[in-house]
Amino acid sequence: MTWKATFLIFGLSLFCLVGFAQENESEEEGFHVPKIRAAIMMANSHVPNAFEGEKRVAVIPTWGLDVDFYFHPKWSVAFQADMKLQSFEVERDGAFLERSYPFSGAFVLHYHAKKHWSFYAGPGYEFEKSENLSFFRIGTEYAFEISEQFEIALNLAYENKQDIYNAWTFGVAFNKLLWERKD
């Protein structure tokens with residue numbers, strides 16, 4: 001997938017979400033904006049065409065860090081970073097590309113469809129010593145509120161890394177409210 005196609009898909013998705021949000025424009029009780037939330041995530045990434053030597057790698061352990069800025073009760077922007085905790089190779093057209101502990105960062109737009117359920121999408125970049133790759137991430141998160149300041153969330157994300165490889169990541173995040181404007 002090229003950058004032009006990626007941005008076209010992102011733009012169309014954003015347009016659809018904005019239209020949906022305007023239909024459901026009710027503020028939730030007790031929700032203040034702006035606010036900032038941070039999360040640490042323990043996850044596993046499934047890379048379908050990953051190898052470690054001769055062995056196919058099914059699951060790669062991953063750590064993540066997210067910071068969300070809520071500018072509207074239904075919308076937030078976030079920086080999502082993650083690091084895969086294992087080296088692996090991916091096969092592309094008979095050739096192997098080494099990925100040694102790749103670190104990824106993405107800027108995503110979150111749409112909070114329900115109080116605890118959100119969808120997100122956005123472009124990102126994977127840094128690695130042999131070759132850096134751009135990607136597009138799309139995902140969803142469902143959070144379980146523990147207190148007003150703390151949540152535990154389940155995350156599922158899909159990344160397409162320049163048509164070289166894809167990754168599915170499933171994780172558990174620990175979300176903490178860092179700052180909220182009080183009226």
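This is a predicted model: local features need pLDDT of at least 70, side-chain atom pairs count only at pLDDT 80 or more; totals for chains, interfaces and linings use all residues.
Strands (E, at least two residues) are DSSP runs numbered from the N terminus, as are helices (H or I, at least four residues). Two strands count as paired if DSSP finds at least two bridges between them.

Strand E9 (residues 117-127) and strand E10 (residues 133-145) pair over 10 bridges in the antiparallel sense, and a hairpin of 5 residues joins E9 to E10. Trp 117 stands opposite Tyr 142 in E10.

E10 also pairs with E11, antiparallel and over 10 bridges; here the hairpin runs through 4 residues. Phe 144 has Ile 152 in E11 as its bridge partner. Strand E11 (residues 150-161) then pairs with strand E12 (residues 165-180) over 12 antiparallel bridges, where Ala 157 is partnered by Thr 169 of E12.

## Confidence and conventions

The protein chain averages a pLDDT (the predictor's confidence in each residue, from 0 to 100) of 86, and 83% of the residues score at least 70. Over residues 17-28, pLDDT stays under 50. For that stretch the model has 14 contacts (heavy atoms within 4.5 Å) beyond four places in sequence.

Residues are numbered from 1 along each chain as its sequence is written, and side-chain values use heavy atoms, leaving out hydrogens and water. Local features need pLDDT of at least 70 and side-chain atom pairs count only at pLDDT 80 or more, while totals for chains, interfaces and linings use all residues.
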